[in-house]
Amino acid sequence: MREVREWTAHAERIVRKRRDPVVVQTLRSAIAATIAYVIALRLSPEPAPLTAPLTALLVVQVTLYATITNGFRRVNAVVTGVLVAIAFSLLVGLTWWSLALLLVASLAVGRLVRVEEYVPEVAISAMLVLGVTSVGDTAWARVVETLIGAVVGLACNLLLAPPVWVEEAGESIEGLARRLRQLMLRMGEEAAGGTPVHRAEKQLHEARRLDHDIVEVDAALRQAEDSLRLNPRVQDSVLHRVVMRTGLDTLEICTVVLRVLARSLTDLAKEREPEPLFGAETGAALEQLLSQIADAVVSFAVLVTTHLSASAESAEERLAAELRTAAGTRDKLALLLREEAERDLGHWQLPGAVLTEVNRILDELDTEHRTRRLFEELDRVSREQRARMPRLTRLRERLGVTEQMWRNRAGFGGRSR
């Protein structure tokens with residue numbers, strides 16, 4: 001039995017390693033570059049057609065959408081550079097001043113043709129072509145090699161289907177929610193006890209560092225969004241993207257409000273030092289409320305990253321119950337804070353700020369607020385698609401893929417799937 005468990009754990013590690021972005025990218029890039037070089041040896045007049053594998057390396061990305069967009073931009077950049085070099089070769093030779101003009105012209109044209117990050121490739125291609133004696137042959141070889149690399153890179157991503165990174169993005173979102181939860185629990189414990197200023201400031205610095213975590217989660221979500229685009233294996237890709245994006249937006253707002261709450265508690269600690277922040281009953285109520293909100297934040301993250309409708313329904317019910325409990329504790333805390341503000345009229349605004357900030361977090365996590373936000377975003381995406389691709393929109397409507405179906409799949413009452 002032990003051997004079976006060890007074998008199962010080993011198999012799970014292998015599966016996770018196969019889905020690791022670094023492993024996937026390395027294998028796909030190496031295969032694409034090798035195939036591109038072999039094909040270029042037969043089709044290119046150059047003895048060592050290294051432009052083909054170089055293009056394949058740059059074109060092959062983790063997602064199919066990124067591969068297509070990068071392949072188009074790189075081919076566009078190389079062809080533009082070759083055309084600029086041919087135009088210069090008809091007018092001037094290669095001198096220091098013509099090289100300077102070539103670079104300026106190539107970089108300027110690269111901006112005009114919108115090749116994005118491949119603007120330097122326009123100048124590189126122009127220099128390589130202009131620096132040889134047989135401009136025509138070299139220009140043709142460079143274009144051919146670039147096309148080979150781009151086509152092979154795209155073919156590798158079509159045949160070796162890239163994974164869908166929704167699960168990894170969901171884990172990142174839940175990880176952010178758990179970090180928020182841990183910080184809330186610590187802030188609650190500090191508020192219930194005698195909090196010195198330096199410990200309150202430590203919580204404030206930790207809240208500020210959460211901005212870096214949001215950047216990382218946003219990058220993971222962007223990769224997931226790209227992996228859903230143009231992916232025939234995924235249905236309702238727009239819905240997936242909108243649900244997770246709006247969920248991350250909500251957590252980002254909660255992070256900002258939590259940072260403001262940490263600042264309010266720090267200011268209160270400075271004003272009341274060496275006395276505790278709150279009375280014993282008020283501090284215990286605030287600790288209890290922050291603990292309940294912390295659990296609700298994790299439940300919200302589970303809700304927006306859940307794939308199965310049944311699980312989403314269970315997650316929504318759990319979140320609604322936690323928010324109702326937190327609302328009751330919030331009402332109790334409001335009365336206690338009002339009593340404390342009446343006893344200390346000189347600093348009444350700080351307890352009031354604490355209550356305002358926890359109210360904002362509860363409002364952001366509210367299921368009805370989330371439903372409105374989700375439908376507003378779906379409406380915005382639908383309008384943009386109709387404006388950008390009217391023919392495709394009409395085709396989808398004929399096939400029955402309507403905005404109301406998106407709403408139904410989003411779930412009545414705010415369900416995410």
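Visitor: Which residues does Val 152 touch?
Guide: Leaving out residues up to four places away in sequence, Val 152 touches Ala 32, Ile 35, Ala 36 and Ile 39. Contact means heavy atoms within 4.5 Å. This is a predicted model, with residues numbered from 1 along each chain as its sequence is written. Local features need pLDDT of at least 70, side-chain atom pairs count only at pLDDT 80 or more, totals for chains, interfaces and linings use all residues, and side-chain values use heavy atoms, with hydrogens and water left out.

Visitor: Where does Val 152 lie?
Guide: Val 152 lies in helix H7, residues 135-159. Helices are DSSP runs of H or I with at least four residues, strands are runs of E with at least two, and both are numbered from the N terminus.

Visitor: Is Val 152 buried or exposed?
Guide: Val 152 counts as buried, at 7% relative accessibility. Buried means under 20% relative accessible area, exposed means over 50%, and partly exposed is in between (1.4 Å probe, protein chains only).

Visitor: How far apart are Val 152 and Tyr 37?
Guide: In sequence, 115 residues. In space, they are 9.7 Å apart, C-alpha to C-alpha.

Visitor: What about Ile 148, what does that one touch?
Guide: Ile 148 touches Ala 36, Ile 39, Ala 40, Leu 43 and Ala 52, again not counting residues up to four places away in sequence. Ile 148 is in helix H7 too. Its relative accessible area is 8%, so it is buried. Ile 148 and Ala 36 are 112 residues apart in sequence, but 6.1 Å apart in space, C-alpha to C-alpha.

Visitor: OK, step back. How many helices and strands are there in the protein?
Guide: The protein has 16 helices and 0 strands.

Visitor: And what share of the residues is buried?
Guide: Buried residues make up 46% of the 417.

Visitor: What share of contacts join residues at least 24 apart?
Guide: Take the contacts between residues at least 6 apart in sequence. Of those, 78% join residues at least 24 apart.

Visitor: New topic. At what angle do the axes of H8 and H11 cross?
Guide: Roughly 175°, and the axes come within 8 Å. H8 covers residues 166-192, and H11 covers residues 280-304. Axes are lines fitted to C-alpha atoms, for helices over the stretch in contact, and angles run from 0 to 180 degrees between N-to-C directions.

Visitor: So what does that make H8 and H11?
Guide: That angle makes H8 roughly antiparallel to H11. Angles under 35 degrees count as roughly parallel, over 145 as roughly antiparallel, 65 to 115 as roughly perpendicular, and the rest as oblique.

Visitor: What kinds of residues are in the contact of H8 with H11?
Guide: There are 18 nonpolar, 3 polar and 6 charged residues. Ala, Val, Leu, Ile, Met, Phe, Trp, Tyr, Cys and Pro count as nonpolar, Asp, Glu, Lys and Arg as charged, and the others, Gly among them, as polar.

Visitor: What does Arg 181 touch?
Guide: Arg 181 touches Ala 294, Asp 295 and Val 298, not counting residues up to four places away in sequence. Arg 181 lies in H8. It is partly exposed, with a relative accessible area of 25%. Arg 181 and Val 297 are 116 residues apart in sequence and 6.9 Å apart in space, C-alpha to C-alpha.

Visitor: How do the axes of H11 and H13 cross?
Guide: They cross at roughly 25° and come within 10 Å. H11 and H13 are therefore roughly parallel to each other.

Visitor: Which residues make the contact?
Guide: H11 brings Leu 286, Leu 289, Leu 290, Ile 293, Ala 296, Val 297 and Phe 300. H13 brings Val 354, Val 358, Ile 361, Leu 362 and Leu 365. By class, that is 12 nonpolar, no polar and no charged residues.

Visitor: Which residues are buried in H13?
Guide: Among them are Val 354, Val 358, Ile 361, Leu 362 and Leu 365. The buried list also includes Glu 357 and Glu 364.

Visitor: Last one. What does Leu 261 touch?
Guide: Leu 261 touches Met 187, Leu 290, Val 354, Glu 357 and Val 358, not counting residues up to four places away in sequence. Leu 261 is in helix H10, residues 237-272. At 1% relative accessibility, Leu 261 counts as buried.
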